[in-house]
Amino acid sequence: MTRKKAFKFNAASSKRAKEIVARYPEGRQASAVMPLLDIAQRQNSGWLSREAMEYVARYLDMPIIRVYEVATFYTMYNLQPVGRHLVQVCTCTPCWLRGSDAVLDACRKSLGVDVGETSDDGFATLMEVECLGACVNAPMMQIDDEFFEDLDAKSTAELFEFLKRGDRPKSGPQAGRRSSEPAGGPTTLREISHLPKN
């Protein structure tokens with residue numbers, strides 16, 4: 001018989017959880033379920049075990065099934081162990097039209113895994129997701145908590161070279177543009193105009 005691995009917030013997680021629960025009115029602590037699940041997931045190496053979900057339910061004095069409902073509905077919660085880096089590639093229509101297939105293939109080659117798999121060394125887990133919210137900078141992906149935009153196969157492979165060396169690549173657009181300005185630079189408001197003097 002396999003023993004369950006107990007879960008309990010460590011000191012840092014407990015402090016953060018108390019701060020979050022304090023934001024809600026008395027008797028409404030269940031409203032903190034999503035941020036507390038996130039705290040539990042971060043403490044538990046990036047995924048939510050059944051024990052972690054049950055701990056959050058007891059912590060918030062709510063039925064366990066309600067916590068399961070939240071954790072199984074939102075894709076931000078991982079219900080299986082993940083690698084040290086969680087790689088999420090957007091393949092929604094805007095990203096697909098701008099080359100997300102090439103980005104996903106570069107991820108497969110660089111990591112040696114397919115979608116839904118974790119590399120043998122535990123380095124990364126590859127996931128395909130819908131809309132990461134920066135369609136104007138498509139194609140894009142999220143690695144851990146950072147977003148990388150304006151990707152192609154070459155820039156995607158370079159990101160993993162950084163990570164494999166233990167470096168943090170610069171997040172944001174990877175094609176040289178700033179924020180979401182047009183790829184060729186600004187096209188309007190390029191001159192300073194002054195209002196006529198009265």
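Tutor: We shall discuss helix packing, salt bridges, a surface patch and some loop residues. Please keep in mind that this is a predicted model.

Student: Let us start with helix 1 and helix 2. At what angle do they pack, and how far apart are their axes?
Tutor: Helix 1 covers residues 11–21 and helix 2 covers residues 33–43. The angle between them is about 170 degrees, and their axes lie 10 Å apart.

Student: Why give both an angle and a distance?
Tutor: Because a pair of packed helices is described by these two values, the angle between the axes and the distance between the axes.

Student: Roughly parallel or roughly antiparallel, then?
Tutor: Roughly antiparallel. The cut-off for that description is an angle over 145 degrees.

Student: Which residues meet there?
Tutor: From helix 1, Ser13, Arg16, Ala17, Ile20 and Val21 take part. On the side of helix 2, they meet Pro35, Leu36, Ile39 and Gln43.

Student: What about helix 3: mostly covered or mostly open?
Tutor: Helix 3, residues 50–60, is mostly covered, with eight of its eleven residues buried. These are Glu51, Ala52, Met53, Glu54, Tyr55, Val56, Ala57 and Leu60.

Student: And what do those buried residues pack against?
Tutor: They pack against helix 1, helix 2 and helix 4.

Student: Which residue follows helix 3?
Tutor: Asp61 does, and its phi is positive, near 55 degrees.

Student: New topic. How many salt bridges does the structure hold?
Tutor: It holds 13 salt bridges. In general, side chains of opposite charge can pair when their charged atoms come close.

Student: Which residue forms one with Arg16?
Tutor: Glu19 is a partner of Arg16, at 3.3 Å from N to O. Both residues belong to helix 1, and because they are three residues apart, about one helical turn separates them.

Student: Where do Arg16 and Glu19 stand on exposure: buried, partly exposed or exposed?
Tutor: Arg16 is partly exposed, with a relative accessible area of 38%. Glu19 also counts as partly exposed, at 37% relative accessibility.

Student: Which residues are linked with them in a network?
Tutor: Lys15 is linked with Arg16 and Glu19 in a network of salt bridges.

Student: Which residue does Lys154 pair with?
Tutor: Lys154 forms a salt bridge with Glu158, and their closest N and O atoms are 2.7 Å apart. The two residues both lie in helix 7, four residues apart, which is about one turn of the helix. Lys154 is exposed, at 58% relative accessible area, whereas Glu158 is partly exposed, at 33%.

Student: What about Glu146?
Tutor: Glu146 forms a salt bridge with Arg168, the closest N and O atoms being 3.1 Å apart. Glu146 lies in strand 4 (residues 146–149), while Arg168 is in the loop between helix 7 (153–164) and strand 5 (172–173), so the pair ties together parts that are 22 residues apart in sequence. Glu146 counts as partly exposed, at 25% relative accessibility, and Arg168 is partly exposed too, at 43%.

Student: Where is Met76?
Tutor: Met76 sits in the loop between helix 4 (64–73) and strand 1 (85–90). It is partly exposed, with a relative accessible area of 44%.

Student: Last topic, please: where is Asp114, and what does it touch?
Tutor: Asp114 is in the loop between helix 6 (100–111) and strand 2 (124–129). Not counting residues up to four places away in sequence, Asp114 touches Arg108 and Leu126. Its relative accessible area is 35%, so Asp114 is partly exposed.

Student: How far is Asp114 from Ala6?
Tutor: Asp114 and Ala6 are 108 residues apart in sequence and 31 Å apart in space, C-alpha to C-alpha.

Student: And where is Glu117 found?
Tutor: Glu117 is also in the loop between helix 6 and strand 2. Leaving aside neighbours within four places in sequence, Glu117 is in contact with Ala124, Thr125 and Leu126. At 39% relative accessibility, Glu117 counts as partly exposed.

Terms used. Residues are numbered from 1 along each chain as its sequence is written. This is a predicted model: local features need pLDDT of at least 70, side-chain atom pairs count only at pLDDT 80 or more; totals for chains, interfaces and linings use all residues. Side-chain values use heavy atoms; hydrogens and water are left out. Buried means under 20% relative accessible area, exposed over 50%, partly exposed in between (1.4 Å probe, protein chains only). Axes are lines fitted to C-alpha atoms, for helices over the stretch in contact, and angles run from 0 to 180 degrees between N-to-C directions. Angles under 35 degrees count as roughly parallel, over 145 as roughly antiparallel, 65 to 115 as roughly perpendicular and the rest as oblique. Contact means heavy atoms within 4.5 Å. A salt bridge is a side-chain nitrogen of Lys or Arg within 4 Å of a carboxyl oxygen of Asp or Glu.
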